[in-house]
Amino acid sequence: MTITEKIGQRLVGGFPGTEMSEEFIHLVKEYKIGNVILFQHNVESSEQLLRLCRSIRELITRETGRRPFITIDQEGGGVTRLPREAVNVPGAMALAATGDPENAYRAALLTARELRAFGIDFNLAPSVDVNCNPENPIIGVRSFGDTPEQVERYALAALRGYEEGGVLCSAKHFPGHGDSAMDTHVSLPCIDKPLEELEKMELRPFQALIDAGCPAVTTTHILFPQLEPDNLPATMSRRIITGLLKERMGFGGLVISDCMEMDAIAKYYGSAQGTVKAMAAGVDLVFISHTPSVLEQTALAVRAALEAGELSMEEMDASVEKILACKVRIDGEPAGEPGRPEAMAEAAALRQASLTLVDGTIPAAGKRPFFCGCADYRAGLVSNQGSGAATFPEFMAARLGGKGLVTSKDPGPEEIQAAVEAAQGSTAIFVCTYNGHLFSGQLELVRALRTLGIPMAVTALRNPYDLRQMPEGVGAVAAWDYAEPTLEALVPVLAGKTVPKGRLPVALGGRS
């Protein structure tokens, strides 16, 4: 292989739109880019996605002589990329709320089969972060829980499902993103813990998956000053990637980066030079997920570093060998049919089983129910864009009658007072929250509506931590994500026809 071809095998690129752009096609031809990541903005329908994956596979195989990894973040819940008519399973914490790790296996197997039907062979999941910080703005429901034991049980089950389904998966975000109070997409967080403390919490699920043969581990762009004193995030630290992950923990699979265009890297180090440092640290597969021009700069920077001796050609060859060995393990061709009715039904059953009555009871809706709360919005840059689907208030009012009022995600006093006036005379009040523990106006709205004395319930449509601050007498339901299938699953619950059977998988500070 030429140097250009070797570098191309170690890079993963993305592009805007539902077809490959001319700029991206040029990069594949000129720089032999060997792998692709897909996002929601690349997906329009099942038919289109199948065509797109076929065209990616044909182009890259023809230009590089090797088939590509086609990767995707299909965690489930709020981080899904597949179209609505495909099978989209609940997220990690929702699956943990079912109380049965086998459901994590079933969800992973469903996902793997769905991805293979499109010709996608590498899922960037599961998250094995322990969500030990409830104020974490980006992990939350993407985690299986707040103890390493629980995360380990469910993540091992998910690994088994992906393996059986025939796709590669990656444990993320090493060495742990669960105790961060900031999002690496927009900042450079710091977790100031010694190794001994990390080994008791964050590293335990990673070690369990490594021991079970997980094919890949994804790094995080977080500073761990007690592991790496030179002000380098984990992705760029040889002490962490080679010293800790490979040597101390014994990982011999693919080490892959989180996106190098995130602000934690791009703003503080530069994506191209950050990639050079990541490869020097021991990262095998590096993601430049969005911008073709940045991908080109990165390929050139890696080549210059190799020619200057800043990167080892021996390590380059070893990484390429690992990548190609993994590509041999997977088929890459579409297999099966997406959106099968029986698979859709199984995903719906998992979602229904995840709904959790955290506290109190759900009041009867009566003849004049009032539904209130914010619309779906992008909770973090990894999450989907706001779906544009019907909001909780509109969706429920259309099915259960009464009135629906959509608020902003952080309502102020005037908006709250307007909601209180609109709710007067209702037979029951149903409010949704969406990260209300981070946007206090949502919880102020709940408290203000409670003063009316009308029977009331609140549904948390992402993190359940919103529900730890409910006023006395308010029914509290955890639903885990703001997706239309979840709203559909909630209809019989709020109509009083079914009672949620899920169990709260994290502590809420008094409620657990």
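Phe392 is buried (under 20% relative accessible area, with over 50% exposed and values in between partly exposed; 1.4 Å probe, protein chains only), at a relative accessible area of 0%. The model is predicted, and local features need pLDDT of at least 70, side-chain atom pairs count only at pLDDT 80 or more, and totals for chains, interfaces and linings use all residues. Residues are numbered from 1 along each chain as its sequence is written, and side-chain values use heavy atoms, with hydrogens and water left out.

Nine aromatic pairs are present in the structure. Rings of Phe, Tyr and Trp (its six-membered ring) pair if their centres lie within 6.5 Å; planes under 30 degrees apart count as stacked, over 60 as edge-to-face and the rest as tilted. Phe371 and Phe392 form an edge-to-face pair, because their ring centres are 6.4 Å apart and their planes stand at 75°. Phe371 belongs to strand S10 (residues 369–374) and Phe392 to helix H15 (residues 392–400), 21 residues apart; helices (H or I, at least four residues) and strands (E, at least two) are DSSP runs, numbered from the N terminus. Phe371 is also buried, at 0% relative accessibility.

Tyr377 and Tyr434 are likewise edge-to-face, with ring centres 4.8 Å apart and planes at 80°. Tyr377 lies in the loop between S10 and H15, and Tyr434 in the loop between strand S12 (428–433) and helix H17 (440–450), so the pair ties together parts 57 residues apart in sequence. Tyr377 is buried at 12% relative accessibility, and Tyr434 is buried at 7%. Ring pairs join Tyr377 and Tyr434 with Phe439 and Tyr482 in a cluster.
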